[in-house]
Amino acid sequence: MAIQKELNISPVGRVEGDLDVKVYMEDGVVTRAHTQAAMFRGFEKIMEGKDPQAGLIVTPRICGICGGSHLYCASSALDTAWQTTLPPNALLLRAIGQATETIQSIPRWFYAIFATDMANKKFANKPLYDEVVKRFAAYVGTSFQRGVVASGRPVEVYALFGGQWPHSSYMVPGGVMCAPTLKDITRAHAIMNQFRKDWLETLWLGCSIERYLQIKSWDDLMAWVDENESQRNSDLGLFVRASLEFGLHKFGQGVGKFVAYGTYLHKDHYQKPTVEGRNAALISRSGFYDGNKYSVFDHMSIKEHVSHTWFEDVPAAHPWDEPMPVPVQSHTLHQTDFKKKYSWSKAPRYQDFAAEAGPLARVIMNANPDNLLPHQVFDPLFGDVMDKMGPNVFTRTLARVHEAARLYVLIDEWLRQIDLNGEFYIKPEEKDGKGFGATEAARGALAHWIEIENGVIKNYQVMAPTTWNVGPNDDQGKPGPIEAALEGTEIEDPHDPVEVGMVARSFDSCLVCTVHAHDGKSGKELAKFKL
């Protein structure tokens with residue numbers, strides 16, 4: 001007779017807090033899962049009735065890691081609503097800000113959030129376990145410390161132009177509020193070069209960026225790992241070898257559909273911002289991939305469902321058509337009836353499908369050989385990886401870390417393209433209207449929708465990448481991406497369900513920063529503080 005069991009896991013996140021999960025198991029395998037966002041965010045309510053530019057100040061505070069991405073969206077939404085004109089320098093400095101924020105998160109997320117799970121005792125019988133523990137163990141791992149320290153470098157560049165990081169407001173409708181000098185550009189090059197020397201080439205790749213970017217297929221990647229001792233023993237080489245040995249490619253598949261908004265608007269193709277002209281101006285492309293074919297991204301294909309969200313019921317709607325949410329009674333994980341409302345997260349759908357957002361979605365779009373423009377990224381690697389392995393914990397993580405080398409090259413190119421004698425800001429005319437601003441935050445597709453009426457915000461909607469991934473069941477009872485990815489996962493030890501954490505952390509779910517206090521001996525939670 002099959003042994004059935006239920007697990008309530010709270011919290012699943014580490015620093016990035018309040019994700020709770022309930023799983024139902026049969027003979028140790030997850031048959032169904034529910035994700036619960038345990039905290040009300042409410043930024044849409046804060047924005048109601050405010051000056052349209054309030055989003056430039058308020059929304060970067062949504063996240064301590066992706067604040068620059070929210071600023072990028074807030075300013076872009078007003079660009080389209082006010083029909084601004086953007087100087088090429090402004091598009092370059094916005095792209096540099098977005099890219100430095102994303103590249104800093106790669107070593108920080110990999111070492112501090114994801115790789116420490118590879119040092120779990122579950123893998124203690126594997127030949128590579130001792131080396132993984134030596135390098136990736138939390139706080140004491142040799143690479144953990146160097147990687148986390150190096151992650152602070154790129155945002156020093158962001159702060160040069162943005163004045164501070166996180167929570168800056170240097171991007172504004174019509175451009176940017178900075179005019180760098182040659183000294184600033186030189187210093188930015190020096191900082192990024194130090195990042196390359198401290199971590200990217202020496203510790204992470206074990207080779208030059210140029211050599212790594214020659215990889216175009218799964219076989220190329222395997223050949224690169226075995227090409228020499230430097231690459232084989234690099235942190236990336238160890239991650240690839242250990243992931244395959246530990247079986248990280250065998251669980252965490254998900255819904256098999258992907259959405260990316262794309263990012264980095266080309267300096268010569270988006271000086272007159274419009275929603276319709278955005279796709280063609282992107283350097284890193286947008287799109288929707290259903291597992292078999294690509295389709296052109298259209299933000300009007302997005303709807304949010306709230307039938308399982310702790311908001312009053314309204315029909316699924318596009319963000320421009322959504323009313324301000326009205327909260328209802330929430331419950332703790334143990335008290336929740338999962339047939340009813342069970343999360344503060346809404347359930348976004350694209351063409352009525354749950355879709356995974358994140359680095360894996362981005363690299364899949366960049367592997368699309370069709371409709372490619374000369375200024376856009378084409379990287380076929382993950383088209384081949386998906387054909388051979390499909391989505392799973394390993395490919396999702398590999399996609400995130402794969403982006404580091406290309407981002408470094410792009411940042412270097414953009415710094416060289418800044419015209420120090422050119423314009424950085426063109427004052428726009430404020431007007432009523434609707435706007436849409438989007439980007440790819442480190443974790444995935446992020447967008448803001450704004451409606452301005454009588455000079456103030458009538459409606460403001462923020463859809464974060466975690467909303468896409470951690471969302472609950474929709475109106476049809478279909479699971480969200482992380483809920484689906486947990487199904488089929490084998491949990492070896494119900495008292496230490498590290499597999500659940502690895503699936504969730506491969507998406508890098510981020511809800512709110514928290515601090516948990518535990519008794520070091522008993523593991524009992526003493527208190528929890530929400531920040």
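Analyst: Helices (H or I, at least four residues) and strands (E, at least two) are DSSP runs, numbered from the N terminus. Residues are numbered from 1 along each chain as its sequence is written, and side-chain values use heavy atoms, with hydrogens and water left out.

User: Why is Ser-345 called buried?

Analyst: Buried means under 20% relative accessible area, exposed over 50%, partly exposed in between (1.4 Å probe, protein chains only). Ser-345 has 8% relative accessibility, so Ser-345 counts as buried.

User: What is Ser-345 in contact with, leaving aside its neighbours within four places in sequence?

Analyst: Contact means heavy atoms within 4.5 Å. By that rule the partners of Ser-345, with neighbours within four places in sequence left aside, include Ala-37, Thr-309 and Pro-472.

User: Why does Glu-44 count as buried?

Analyst: The relative accessible area of Glu-44 is 6%, therefore Glu-44 is buried. Glu-44 is part of helix 1 (residues 43-47). Not counting residues up to four places away in sequence, Glu-44 touches Met-324, Pro-325, Tyr-460, Gln-461 and Val-462.

User: What is the average pLDDT of the protein?

Analyst: pLDDT is the predictor's confidence in each residue, from 0 to 100. The protein averages 94, and 95% of the residues score at least 70. Over residues 513-518, however, the pLDDT is below 50. Where pLDDT is low, the predicted coordinates should not be read in detail.

Note on methods:
This is a predicted model: local features need pLDDT of at least 70, side-chain atom pairs count only at pLDDT 80 or more; totals for chains, interfaces and linings use all residues.
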